[in-house]
2 protein chains.
Amino acid sequence: MTGRYAVLTGGVGGAKLVDGLYRLLPANSLTAIVNTGDDFRHFGLPISPDIDTLLYTLSGNSNQKLGWGREGETWNFMEALRSLGGEDWFNLGDGDLALHVMRGIALQAGETLSAVTVRFAAAWELALNIVPMSDDVVATWVESDEGPLPFQRYFVERHCQPKVKSVSFEGAATARPAPGVIEAIKSADAVLIAPSNPWLSVDPILAVPGIRSALLDCAGPVIAVSPLVDGKAVKGPTAKLMGELGLAISNDAIWDHYADFLDGLIVHGDDLAPAGIAVTRTDTMMHSANDRERVAGVALNFANVLLE
Amino acid sequence: MTGRYAVLTGGVGGAKLVDGLYRLLPANSLTAIVNTGDDFRHFGLPISPDIDTLLYTLSGNSNQKLGWGREGETWNFMEALRSLGGEDWFNLGDGDLALHVMRGIALQAGETLSAVTVRFAAAWELALNIVPMSDDVVATWVESDEGPLPFQRYFVERHCQPKVKSVSFEGAATARPAPGVIEAIKSADAVLIAPSNPWLSVDPILAVPGIRSALLDCAGPVIAVSPLVDGKAVKGPTAKLMGELGLAISNDAIWDHYADFLDGLIVHGDDLAPAGIAVTRTDTMMHSANDRERVAGVALNFANVLLE
């Protein structure tokens, strides 16, 4: 037992589970490996939505009302931009901009995304390791009935309306896992897969060569929290996407997706679960900080049970 | 008579005179040739303080209380930046950022500074030609008792405290006047020199090859509004700088500075003025819109008198 844990995460639901784990575990025992397939350049600025969502959530700066972005955010930048005829399909809050501008300077100066992320986490006194899946550029593309779309165009501009035929990760084949990613997985007492969208948020991480095999090799159990609740997605396009990809919207499909490396699945309430696998149940809706702690606690306990 | 006028300007005082001229003159008859020696890159963003001050002033967006920046500005970006350990000596307002970000994208795409400026002015429906002195990079440096300082470090970070020995304009020798600058000067019924700092705001313009000789060649009179009021500078380092450069703080020194091309000088109230030159007098303090119109009117009338 190393007393160390790793979690694969992307998006808002993922950040909530990480927050729960962070609240429960001793300082500096958790590594969050974050999807960067959603990352893109906008106005020349490097945006890392999943890293930033995690930073905002863990530091208590996340906007509860919007469900994304910063607490107390203002929008003067967007308003001025609009008055000058600038593109306004992607909302950048005034405070949020600071992260992108500072990240831009750092990357320009040759710093890696993982090094910048460590600095941001330290500035906000976060005692965990937040690491991008890769320091190399990987871009999620959605092949849709309207042709290929970069992830943010599909997700933000088009509100996930186009029908998805397939998803691909440009640059993934030659991307290297960021420093520490493989070690964090292999040495973990347990690896958790957050209730993030398996196809859009977790698959980009798994597409980075070496990460999937590290999950197969790791000593501890690998446990996923299902993103389905009452047979539906909590938020976002998971269920719609599963239908479009020809999958049943079920925990069987979630299990099948991770089957090669998964040791256990946490499902919501009385939701149907595949037979013959290690399953535990809890209310996986994480409305409050208490909910996050509870789901994280169920996951860590499940890991201990599977280790025995 | 072409019915066209040009004005050389920089800073807040300059923007006020341009505003007065813009209020008095028919649409599209004024060209403002703007100092870009103060321009610099900050956080990778191209900042053009004098162009932006003019845009804000003419569009009614200037912050009257601060004396610089935008009306109704918010500072969430700076606050977030500070929390991440970013440099905070230069304040960038949330709305102000939109200009710099959009300018950055445009320059990156190969657009010229003058073309971007035309677009910004059009977006805010400004019916005058705002043109940078040059599309080439010219940077004002202050040689001080503490060594050489880039303009903004001297002006903003050090509040003009270092003693100035000399001022230089990096890149000026090979800079070309922006398209339209020479024509605007030569064809003008009158060229005005705004009450901007002659050494810091007007000299960079005059340092661009071709501009000084255009002033010598122009058909109409060249008239300066003295930046001195009651023998002092209204705001900013003009008087302090004149002393450090070994000059008397007087309208004689202002006249001498522009003597080779100047046809008339507008001085404040009863301030002393050089003998034997064309002088007119008015209260040059421009507190209100009415003051701006009045000073502009005095200048245009003075030009007509000198033409007769």
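Colleague: Two strands pair if DSSP finds at least two bridges between them. So what is the bridge partner of Val225(A) in strand 13 of chain A?

Modeller: The partner is Ile266(A). Bear in mind that this is a predicted model. Strand 10 of chain A, residues 222-225, and strand 13 of chain A are joined by 3 bridges and pair in the parallel sense.

Colleague: And over how many bridges does strand 13 of chain A pair with strand 14 of chain A?

Modeller: Over 4 bridges, again in the parallel sense. Within that pairing, Ile266(A) faces Thr280(A) of strand 14 of chain A, standing opposite the threonine.

Colleague: Now chain B. What order does the open sheet of 7 strands have there?

Modeller: In chain B the order reads 5-2-1-9-10-13-14, with parallel pairing. Strand 5 and strand 14 (279-282) of chain B are at the edges with a single partner strand each, so one side of each has no neighbour in the sheet. Strand 10 (residues 222-225) of chain B runs parallel to strand 13 (residues 264-268) of chain B, and 3 bridges join them. Ala224(B) stands opposite Leu265(B) of that strand 13.

Colleague: What rotation superposes chain A on chain B?

Modeller: A rotation of 180 degrees, with 0.0 Å of shift along its axis and an RMSD of 0.0 Å. That is the relation of a two-fold axis. Asp94(A) has the C-alpha nearest the axis in chain A, 2.8 Å from it. Both copies use the same surface, since 100% of the contact residues of chain A recur in chain B.

Colleague: How many residues does the contact take from each chain?

Modeller: It takes 25 residues from chain A and 25 residues from chain B. On the side of chain A that touches chain B, helix 3 (76-83), helix 4 (94-108) and helix 5 (113-123) of chain A each supply at least two residues. Helix 4 of chain A gives the most, with 10 residues.

Colleague: Different topic. Which residues have the most contacts inside the largest nonpolar core?

Modeller: Val7(A), Ile33(A), Ile185(A), Val7(B), Ile33(B) and Ile185(B), in a core of 165 residues.

Colleague: Leaving aside neighbours within four places in sequence, what is Val7(A) in contact with?

Modeller: Its contacts are Leu17(A), Val18(A), Leu21(A), Leu30(A), Ala32(A), Ile33(A), Leu192(A) and Ala194(A). Ile33(A) is itself among the residues with the most contacts in that core.

Colleague: Why is helix 8 of chain A largely enclosed?

Modeller: Because 9 of the 9 residues of helix 8 (residues 198-206) of chain A are buried. They include Trp199(A), Leu200(A) and Ile205(A), and also Ser201(A) and Asp203(A).

Colleague: And for chain A as a whole, how many helices and strands?

Modeller: Chain A has 12 helices and 14 strands. Buried residues account for 49% of its 308 residues. The box filled by the C-alpha atoms of chain A is roughly 60 × 45 × 40 Å along the principal axes. Of the contacts in chain A between residues at least 6 apart in sequence, 68% join residues at least 24 apart.

Colleague: Last one. Where is Val137(B) found?

Modeller: Val137(B) lies in the loop between strand 5 (129-132) and strand 6 (139-144) of chain B. Leu113(B) is 24 residues away in sequence and 9.7 Å away in space, C-alpha to C-alpha.

Colleague: Why does Val137(B) count as partly exposed?

Modeller: Val137(B) has 16 other C-beta atoms within 10 Å. A buried residue needs 20 or more and an exposed one has 12 or fewer, so a count in between is partly exposed.

Definitions and conventions:
Residues numbered from 1 in each chain as written. Chains lettered and ligands numbered in written order. Predicted model: local features only at pLDDT ≥ 70, side-chain atom pairs only at ≥ 80, totals over all residues. Least-squares fit on C-alpha atoms with pLDDT ≥ 70 in both. Contact = placed C-beta atoms within 7 Å. Core = buried A, V, L, I, M, F, W, Y, C linked by C-beta atoms within 7 Å.
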